[in-house]
Amino acid sequence: MRTAVVVGAGMAGLAAAGALSRSGWRVTVLERAERVAAPPAAVVLWPTGLRALEALDPDGGWTAIASPLPDGGVRRPDGQWLVAPRTRPGAGPAPAAVHLEDLFDALVTGLGDAEIRTGFEATTVRVGPRQRPAVGDGRTMIEADLLVGADGIDSRVRAAVAPEAVAVGSGFAAWQAVIPGFRVPRLEGDRSLGGETLGAGYRFVAIPLGDRAAGRGGVYWVATAAGAARPESPATQLALLRRWFAGWHEPVGALLDATRPEDLVPQGVRELRPLPRAYGFAAGSGGVVLIGDAAHAMPHHLGQGACLAFEDVATLRSLTASAGPGEELVAAVETYSRVRRPRTTTVVRQNRRMSAVVQARGRLALRARDAALNHMRPRMLGRHLDPVADWTPPD
């Protein structure tokens, strides 16, 4: 029987394990934490990500956990529009917001016969031309026909096969939180709780999650600021955020006031520079593939990280569905790399352009940013005009 080992039980790893298991593979998932748990956050899935999930598991119930996300436009801190909300051009689904608890529950439900081993920290990765790939924790080595690196930006699997790709700081820090429905502030008039606001080196994005999210609804928000990750306690960092964003239009202040320190998830934002030279590496009867942040970690300016991860998995599942160990599987691994790397390179390039826009500071830079937004934003909304959105699941 074909065997696969998936390192990492995050979104990408769970999706890959379920897809391979349903395709007839015997799958083992290795997770270094003591349990599989969703981070206390949410994610935006653009149509590409939703199409990938539907292709992976048509019965996954994705529409039941996703709340359609209308375009909320972009404002200045004083509330003036940089880009007014607009109707999304063309037919087709809108982006959707999904609470990670709901997403993880759906992915775990779809694991089938895949086995999960928690408390397994991969410290050794064996890759050679004549041996099946294997991964070990210093006590046990587990080998398989296919090794899937889904272990995030600090991937041990990637370090073994593509050491040239290094995680570096992106020049800013981020904070995120989910405010449960019973604490969501009420705004006067017809003001929306959703939308994006750009200041000089600061950004605040608010996303309503719908009434059913994680059984309690709520609002997910993300704030970014230029600089490194902060060392202070969550309570002190929350106080800093309230000071930095003081005077911004509502609902920014109201959402920060409704946030508790235990809701806050601070993080230093990093990316891979350069990207790995390949995403698939032949070894023994099959090989090693990289998916998700292990392959193409990037800042979240375009909200495409999760979408690309699910695209990776849908492509991998399609290419390996009928590939047996040996020449067929080796060819599938190499084809996966040829297919996925140009796609992710395009998205990463656009993401870096948007990063420069978001981090603009100074009068001249802000003027250039405003002009760029008016040019870039409509293209990002167009399903057929923007290469970021131009992806369909493979047959």
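Q: Which residues of H4 are buried in this predicted model?
A: The model is predicted. Helix H4 spans residues 100-109 and supplies at least two residues of the side of domain 1 that touches domain 2. The buried residues of H4 are covered by elements including H1, E3, H2, H3, E7 and H9. These buried residues are Leu100, Asp102, Leu103, Phe104, Ala106 and Leu107.

Q: How much area do domain 1 and domain 2 bury between them?
A: Domain 1 is assigned as 3-168 + 272-375 and domain 2 as 172-268. The contact takes 33 residues from domain 1 and 28 residues from domain 2. Carbon and sulfur atoms account for 61% of the buried area, which is about 2400 Å².

Q: Which element gives the largest share of the side of domain 1 that touches domain 2?
A: The count between the two domains is 7 residue pairs in polar contact. On the side of domain 1, elements that each supply at least two residues include E3, H4, H10 and H11. The largest share, 3 residues, comes from H11.

Q: Is threonine 3 buried or exposed?
A: Threonine 3 lies in strand E1. Beyond its neighbours within four places in sequence, threonine 3 is in contact with Trp25, Arg26, Arg132, Ala144, Asp145 and Leu146. Its relative accessible area is 7%, and the cut-off for a buried residue is under 20%. Threonine 3 is therefore buried.

Q: How many residues apart in sequence are the parts that aspartate 154 and arginine 270 tie together?
A: The side chains of aspartate 154 and arginine 270 meet in a salt bridge, 2.8 Å from N to O. Aspartate 154 lies in the loop between E12 and H5, and arginine 270 in E17, so the parts tied together are separated in sequence by 116 residues.

Technical notes. Residues numbered from 1 in each chain as written. Predicted model: local features only at pLDDT ≥ 70, side-chain atom pairs only at ≥ 80, totals over all residues. Heavy atoms only, no water. Domains from an automatic or database assignment. Contact = heavy atoms within 4.5 Å. Buried area = accessible area lost by both parts, 1.4 Å probe. Polar contact = N/O pair within 3.5 Å; in protein donor to acceptor, adjacent residues only side chain to side chain. Helix = DSSP H or I, 4+ residues; strand = E, 2+ residues; numbered from the N terminus. Buried < 20%, exposed > 50% of the residue type's maximum accessible area, 1.4 Å probe, protein only. Salt bridge = Lys/Arg side-chain N within 4 Å of Asp/Glu carboxyl O.
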